[in-house]
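Here are my notes for your first read-through. Please keep the model open while you go down the points.

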Amino acid sequence: MNISIYQIDAFANKVFEGNPAAVCPLDEWLSDEVMQSIAQENNLSETAFFVKTTAGFHIRWFTPVAEVDLCGHATLAAAYVLFNNLGFKEKTIIFESKSGILEVTKNNDMLTMNFPSQPPEQCLCPQEITNAFPVTPLECLKAEDYIVVFEDEQDVCNISPDYSELYKLDLRGVIITSASKQYDFVVRFFAPKYGIKEDPVTGSAYTQLVPYWARKLEKIDFHAKQLSKRGGHVYCQYEGDRVSISGKAVEYMRGNITV
């Protein structure tokens, strides 16, 4: 069986920036075991698979070690492939997913995802987080991930966490963030138990960060920077129970998988 595969750099202005994702369009679903094996072989933070439906497309995402319920950058990558490689003519793509309906709209070279908002709640800082970071955070919150807020963006930029401690946590991963002088806020994301020590740009994290920073900064439009080695720019808007997350994407590679 031959399967088309594309590798797209999401939240990137040019190749080698942003977050690379693999995208595999399918005529029908493969077994979970085969899709997981493909994701492991790709060894990227996410591989997206989608199948056409009567309403749009059904999308699923796999890290090298497990399927996840929501992924932003691989959704952006899948939309890029549909718009630019597969001839999708409408302005908006509707994806069905484990996290509900996700829409992606094209506006020139910018893609905007409309995702459900996930407002985080304050929580006690787990001991594993205290052990993992050498700097004491201002506060700790939780939604799909833990959100650890620091006072200084240089702390976010320079911190080298103890991944063995983060691996023990019960949620998907850990987002660290602070306000910024150049941007509205800065971000890094760690998910070692999903095989991702540090994710270059994490679209789904902003469904949690935007409600938090909307309350803190008393605004609804944001330009954020993810401070990974590759880096990426993310443009967001808070819409109450939804969050719009925008960025650019570029194609790095296309090919075929034989399984």
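How many helices and strands does the secondary structure of the protein come to?

1. Start with the elements. This is a predicted model. Its secondary structure comes to six helices and 18 strands. The radius of gyration is 18 Å, close to the 18 Å that the globule rule gives for 259 residues, so the protein is as compact as a globular protein of that length.

2. Next, the dimensions. Along the principal axes, the C-alpha atoms fill a box of roughly 50 × 35 × 30 Å. The accessible surface comes to about 11700 Å². Carbon and sulfur atoms hold 46% of that surface.

3. Now the interior. Of the 259 residues, 54% are buried. Look at the contacts with a separation of 6 or more: 62% of them join residues 24 or more positions apart.

4. Then charge. The protein has 23 positive and 34 negative side chains. The centres of the two sets lie 4 Å apart.

5. Now zoom in on one residue. Where is Ser 180 found? Ser 180 sits in the loop between strand 12 (174–179) and strand 13 (185–191). Is Ser 180 buried or exposed? Its relative accessibility is 15%, and buried means under 20%, so Ser 180 counts as buried.

6. Finally, the partners of Ser 180. Its side chain reaches two backbone nitrogens: that of Gln 182 at 3.2 Å and that of Tyr 183 at 3.1 Å. Leave aside the neighbours within four places in sequence, and Ser 180 is in contact with Glu 153, Phe 185 and Val 186.

Conventions: Residues numbered from 1 in each chain as written. Predicted model: local features only at pLDDT ≥ 70, side-chain atom pairs only at ≥ 80, totals over all residues. Heavy atoms only, no water. Helix = DSSP H or I, 4+ residues; strand = E, 2+ residues; numbered from the N terminus. Rg over C-alpha atoms; globule rule 2.2 N^0.38 Å. Buried < 20%, exposed > 50% of the residue type's maximum accessible area, 1.4 Å probe, protein only. Contact = heavy atoms within 4.5 Å. Areas by Shrake-Rupley, 256 points an atom, 1.4 Å probe, with all protein chains shown as cover. Lys, Arg positive; Asp, Glu negative; His and termini not counted. Charge placed at Lys NZ, Arg CZ, Asp CG, Glu CD. Polar contact = N/O pair within 3.5 Å; in protein donor to acceptor, adjacent residues only side chain to side chain.
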